Amino acid sequence: MNIQAVKVIYKYEMLRTWKTLFQSIASPVLSTSLYFIVFGSAIGSRIESIEGVPYGSFIVPGLIMLSLLTQSIANASFGIFFPKFTGTIYEVMSAPLSHYEILLGYVGAAASKSFIIGIIILATAGFFVDLDIKHPFWMMFFLILTCITFSLFGFIIGLWATNFDKLQLIPLLVITPLVFLGGSFYSISMLPPFWQTVTLLNPVVYLISGFRWSFFEVADVSIWTSLVIILGFLAFCLALVAWMFKTGYRLQN
Amino acid sequence: MKTIIAINNLSKQYASGHQALKKINLEIKSGEIIALLGPNGAGKTTLISVICGLVSPSSGSVHVNGFNIIKDYRETRALIGLVPQELTLSAFESVWNTLNFSRGLFGKKPNKAYIEQLLKDLSLFDKKDTELRLLSGGMKRRVLIGKALSHEPRILFLDEPTAGVDVELRKDMWNIVRRLRDTGVTIILTTHYIEEAEEIADRVGIISDGELLLVEEKHALMQKLGKKQLVLELRDAIDHIPESLNAYALTLSDEGYKLTYRYDTRSDRTGITTLMKAINASSLTLKDLQTQQSSLEDIFIDLISSKENLK
Ligand SMILES: Nc1ncnc2c1ncn2[C@@H]1O[C@H](COP(=O)(O)OP(=O)(O)OP(=O)(O)O)[C@@H](O)[C@H]1O
Ligand SMILES: [Mg+2]
């Protein structure tokens, strides 16, 4: 394995992050704080606790997931799309390294960045509400798994996209609605029975439910179901990327 | 000399259906400078891209130092440095970082002293902390060369290195190329400019429309294919060529003072003797005469047009 190469890709991707450190971190922190002020304090004070959890705390896992998903996808897709767009990818493609090493460098960096953002949001949330994390190990596990899975998904989008519009398309049209309708701000048991069934088709529900369980032991679906669905999505992304690499999709003429 | 790159029956058809390379066979020797000459769209970049792993071949094979470029891509690519045709650089990186990135990408451990020396050789050392977007075009070209050399390759591809480069920089570039050759680096460059091939290359390959028309040692090529012209200076100007000389397709120039005769050095009968006899028999008086060898440029144009005539 060409470890030097993976190291430099990772290092220079992270360097890019530090250079834009302020935007990278300020914007998720700011938006999370706004959500807390609006939903947690203003509206939340009128909402009773959900399954014994105060509303302000209840939305924390969902808010973290919201940022994690959008950040992972945005970072990873941009990370690979940009060199493709400017043409600098030629160098990576002509270097003695396998597609999987390229993947490791870019997705590793994007996942690391999302992880850092996730931790920062968690700390920000701690300012607004009391957080008593019941299963820290599971919480970390879900956090890391989500960062990796969605960075990988972002990488795929970045490979697929041929222009900036396409790059925005899936995050905007698919991910954002799925996250908002995935129980970030409510328990799906609050929905009418029909919509509960429909909601179960949304994979993000399982993600948020599992993550929330690690905080409060409150979940919409069993934690094992959550785990299987996330791992399933990871496997799907891995298969997709393996197919892309095998066929040289959008990387080689 | 040892063969370092062996290309066998290499063809490339793009997804668009365009046949960019047609059964290319070429052996490149270790330590030589070979120039690939050809008009726009001939397939030069495609050929280089296949060898470097950027474009997958449709059929045929390429071996670099005995390794197959697809099966043993780690071995082959580690030997190769590529300077692409386009000025592709990430805008916000510094010169120093981009060279170190390239070095790492090719699996080499960081080596500050080497990169420093490289930057000095390329007259870029004072720009090492400058962001790439702030450099001039010629400087960017040099940064690309630096990136390609950052991992100490044994083979260097230069795809139109002198496009958009001024005379001064071009000279510098050729000095760099010669120095590299002296250290045993094999250099493959593409160009549209015949003078460049003539100036720097040991061998010249001519590509047109995806076909390698010929590969020759430069001097041999010029001798073998070269046309010569015999220029006859007249003591007294004439306003038309005498009828007795009509058989020789002479051209009259320089206000009637110069007659030019073109002949093929390859043919047994150049026609010079009979021409001289005919001139003796005519009323013309010669003041001076000289012969000139045609340049690669003429050869090139000849080759391409004769190929087109065949179609
Ligand atoms: N990705 C591609 N898809 C389809 N056709 C392509 C692609 N890249 C190049 N071609 C075609 O292949 C032919 C050879 O192109 P190539 O870039 O190799 O030429 P070249 O000799 O480098 O030309 P130039 O001197 O202009 O750089 C051209 O007709 C070009 O249009
Ligand atoms: Mg070209």
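**Exercise 1. The ligand site**

Task: Determine which chains surround ligand 1.

Solution. Take the residues near the ligand, meaning those with a heavy atom within 4 Å of it. They come from chains A and B, so the site is shared between chains. The model is predicted: local features need pLDDT of at least 70, side-chain atom pairs count only at pLDDT 80 or more, and totals for chains, interfaces and linings use all residues. Residues are numbered from 1 along each chain as its sequence is written, chains are lettered from A and ligands numbered from 1 in the order in which they are written, and side-chain values use heavy atoms, with hydrogens and water left out.

Next, list the shell. It holds 16 residues; the closest are Asn40(B), Lys44(B), Thr45(B), Thr46(B) and His192(B). Helix α1 (residues 44-52) of chain B supplies the largest share of the shell, 3 residues. Helices here are DSSP runs of H or I with at least four residues, strands are E runs of at least two, and both are numbered from the N terminus.

**Exercise 2. Polar contacts of the ligand**

Task: Find which residues lie at 2.8 Å, 2.6 Å and 3.2 Å from an oxygen atom of ligand 1.

Solution. Look for pairs of N or O atoms within 3.5 Å.
- At 2.8 Å: a polar backbone atom of Gly41(B).
- At 2.6 Å: a side-chain N or O atom of Thr45(B).
- At 3.2 Å: a side-chain N or O atom of Glu160(B).

Then check burial. Ligand 1 taken alone exposes 630 Å², and the protein buries 70% of that. The areas come from the Shrake-Rupley method with a 1.4 Å probe.

**Exercise 3. The nonpolar core**

Task: Identify which residues touch the most other members of the largest nonpolar core.

Solution. Such a core joins buried Ala, Val, Leu, Ile, Met, Phe, Trp, Tyr and Cys residues through side-chain atoms within 4.5 Å. Buried means under 20% relative accessible area, exposed over 50%, partly exposed in between (1.4 Å probe, protein chains only). The largest core has 148 residues, and Ile5(B) and Phe157(B) touch the most other members. Helix α7 (residues 136-160) of chain A gives the most to this core, 13 residues. Another core lies apart from it, with 14 residues, including Leu245(B) and Tyr248(B).

**Exercise 4. Domains and the chain end**

Task: State how many Å separate the C-alpha centres of domain 1 and domain 2 of chain B.

Solution. The domain assignment, automatic or from a database, gives domain 1 (3-223) and domain 2 (227-293). Their C-alpha centres lie 45 Å apart. Now take Gln293(B), in strand β14 (residues 286-293) of chain B. Gln293(B) is partly exposed, at 39% relative accessible area. Its C-alpha atom is 41 Å from that of Gly17(B), 276 residues apart along the chain.

How values were computed
A polar contact is a pair of N or O atoms within 3.5 Å; within protein, one must be able to donate a hydrogen and the other to accept it, and residues adjacent in sequence count only if both atoms are side-chain atoms.
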